[in-house]
Amino acid sequence: MKRLADRLLHRFINHETASNAGHHWLTDQGTSGPSQRKDHRMPSQGVKLHIHDRYVVMDNGILQVTLSNPGGIITGIKYNGVDNVLEVRNKETNRGYWDLHWNEPGGKGIFDVISGVSFRVIVETDEQVEISFLRTWDPSLEGKYIPLNIDKRFIMLRGSSGVYSYGIYEHLKNWPGFELGETRIAFKLRKDKFHYMAVADDRKRIMPFPDDLCKGRCQTLDYQEASLLTAPCDPRLQGEVDDKYQYSCENQDLRVHGWISFDPPVGFWQITPSNEFRSGGPLKQNLTSHVGPTTLAVFHSTHYAGKTMMPRFEHGEPWKKVYGPVFIYLNSTANGDDPLCLWDDAKIKMMAEVESWPYSFVASEEYPKSEERGMARGRLLIRDRFISNDLISAAGAYVGLAPPGGSGSWQIECKGYQFWAVGDEAGYFSIENVRPGEYNLYAWVPGFIGDYHNGTIVSVTSGCKIEMGDIVYEPPRDGPTLWDIGIPDRKASEFFIPDPDPTLVNRALVHHQDRFRQYGLWKRYTDLYPNDDLVYTVGVSDYRRDWFFAQVPRKKGDVHEGTTWQIRFKLENIDQKANYKLRIAIASATLAELQIRVNDAEAVRPLFTTGLIGRDNSIARHGIHGVYMLYEVNIPGNRLVQGDNTIFLRQPRCNGPFQGIMYDYIRLEGPP
């Protein structure tokens with residue numbers, strides 16, 4: 001856990017980027033200086049629970065949390081002199097709640113704010129209160145509610161400036177099947193107080209008011225979530241784009257985010273200390289906070305993956321999963337101090353929560369404590385004889401235990417739990433705090449293509465320490481590299497990211513390392529290539545400036561047309577009887593098709609086609625990757641010629657602007 005904490009500290013505590021230099025109002029308010037947060041010493045008051053007919057109140061002297069009875073909807077949070085940090089003008093059911101989106105197999109989607117039907121006290125002492133709001137299912141509810149028993153839990157500790165929440169979802173035998181699209185916790189904060197949002201050190205800023213997204217103050221862009229601010233309440237935001245997907249984040253970095261109120265100086269933060277219960281592994285992207293002001297704790301969603309990430313539960317399939325706990329943290333500072341120090345304090349608190357995982361105070365037997373969990377460790381090495389005759393250390397490898405499946409199946413796994421570690425420079429890894437269960441071992445290594453998967457069942461039992469020894473991964477390869485394009489890291493961020501249209505800018509993302517999150521970059525392809533498509537010449541072109549980050553359709557008038565990119569290269573001494581291997585790693589695809597032709601752009605039948613692939617929608621949602629795919633194409637030597645050759649990459653699907661492919665890495669290998 002110490003190694004994980006050090007890695008998170010490195011991710012979260014860093015210098016401000018140059019993008020903020022000319023826009024201090026985006027990141028600075030008041031004076032700068034060290035954190036002067038209010039010191040909440042251990043109060044004499046223990047945790048009190050007040051039960052009323054319609055409400056339940058948890059109070060530890062630092063904050064009061066009010067929930068509906070028996071619904072378990074958070075209707076109020078009183079803190080630091082603010083009677084309610086949640087939006088009091090919203091209905092009580094639209095302030096702090098668990099929700100989900102589901103459908104019967106083949107049916108229409110249903111949005112459901114989860115409201116309990118029974119309330120009970122689990123723990124009530126001076127040190128801790130844990131309460132439960134349970135919604136049970138029976139056949140009379142078929143078609144109305146998702147066939148799950150859902151137990152929402154809330155925990156308050158003595159001396160703690162926040163509240164924990166987790167949920168236990170259970171599907172029993174003989175119950176009907178369903179599909180689950182999303183489940184999360186949502187908080188709607190006071191829009192008259194919380195105006196500053198922080199997701200990361202280099203993504204924090206004054207945000208638009210929710211009224212700015214209303215008719216008359218904005219122009220809706222290519223989809224509903226994206227708006228151009230034409231008459232915002234804060235004139236400094238005039239002409240900017242707001243889009244909640246610009247603030248998405250990978251699970252591995254999505255540990256803390258939230259909002260700051262300047263008057264009074266109060267912070268509201270959502271802290272997720274572990275990813276074990278989140279779907280899709282460490283690279284899966286999820287929403288964070290956005291205009292509302294809204295803060296989300298997303299446990300499962302199909303964003304950046306599509307329907308492949310939607311679990312289907314069959315009739316009678318038993319299933320149980322614990323989502324959380326997550327921590328809702330509130331902090332404050334004295335008037336006159338810099339309110340932005342609350343973000344720094346929230347990061348420190350996040351680190352403390354990570355160090356405390358797994359929590360010792362959770363009452364449910366469905367949540368194993370530290371001593372009830374196991375661990376696995378070993379070393380991952382790479383064998384690639386075309387790079388080295390010796391085994392190569394898998395430095396920085398992502399190594400994980402996830403439910404049994406196939407190669408790369410962890411990317412779309414969403415019914416069970418996943419546990420990941422990042423290897424050190426020598427390839428050593430330690431996967432800790434693993435729930436008892438049966439898993440497969442998975443890995444991928446930055447700088448190498450493909451996925452490692454061992455189908456042998458890894459049985460984790462309470463307190464076990466599994467020594468895996470040396471594990472050797474042989475990445476896909478048949479012959480020496482003749483040329484390659486890009487960096488095999490499952491993303492397209494190394495390729496050319498154009499400047500946004502100057503009339504469609506989010507100024508907080510100017511000169512940002514994630515500049516791909518600017519709105520409308522897909523349109524820039526047509527601007528840069530109005531008539532002819534991209535041509536990349538091996539040995540002359542530079543992928544950092546000459547390879548557009550996404551192969552998207554070109555817009556011609558009111559219609560779109562497919563595009564054909566060319567890779568031109570020279571070959572000598574061709575073996576006409578051998579096969580050459582073209583490997584194409586795709587970082588994301590959206591309703592796309594990749595057709596490969598060699599030296600004949602007009603060939604009726606392509607040498608290779610993927611068929612229709614991908615529902616990631618990462619192009620529209622500013623995600624530089626989605627679900628990773630790897631293809632290999634055999635090119636017979638007699639298709640190649642001495643001297644100049646051309647590989648044509650055609651993406652013909654063009655019903656809309658967002659259909660396309662983001663490449664991760666392309667390599668041509670010679671014969672073995």
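Reader: Start with Arg190. Is Arg190 buried or exposed?
Author: Buried. This is a predicted model, and in it Arg190 has a relative accessible area of 14%.

Reader: Why does 14% count as buried?
Author: Because buried means under 20% relative accessible area, and Arg190 has 14%.

Reader: Which residue does Arg190 meet in a salt bridge?
Author: Asp192. The N to O distance is 2.9 Å. Asp192 is partly exposed, with a relative accessible area of 41%.

Reader: Switching to Glu87. What is the salt-bridge partner of Glu87?
Author: Arg89. Their closest N and O atoms are 3.2 Å apart.

Reader: And the accessibility of each? Is Glu87 buried or exposed?
Author: Glu87 is buried, at 4% relative accessibility. Arg89 is exposed, at 57%.

Reader: What about Arg205? Which residue pairs with it in a salt bridge?
Author: Glu240, with the closest N and O atoms 3.0 Å apart. Arg205 sits in strand 13, residues 203-206. Glu240 is in the loop between strand 15 (226-229) and strand 16 (241-243), so this pair ties together parts 35 residues apart in sequence.

Reader: Are Arg205 and Glu240 buried or exposed?
Author: Both are buried.

Reader: New topic. Which residues are linked in a network of salt bridges?
Author: Asp478, Lys581, Arg583, Glu632, Arg667 and Glu669.

Reader: Last one. How many salt bridges does the structure hold?
Author: The count is 45.

Methods. Residues numbered from 1 in each chain as written. Predicted model: local features only at pLDDT ≥ 70, side-chain atom pairs only at ≥ 80, totals over all residues. Heavy atoms only, no water. Salt bridge = Lys/Arg side-chain N within 4 Å of Asp/Glu carboxyl O. Buried < 20%, exposed > 50% of the residue type's maximum accessible area, 1.4 Å probe, protein only. Helix = DSSP H or I, 4+ residues; strand = E, 2+ residues; numbered from the N terminus.
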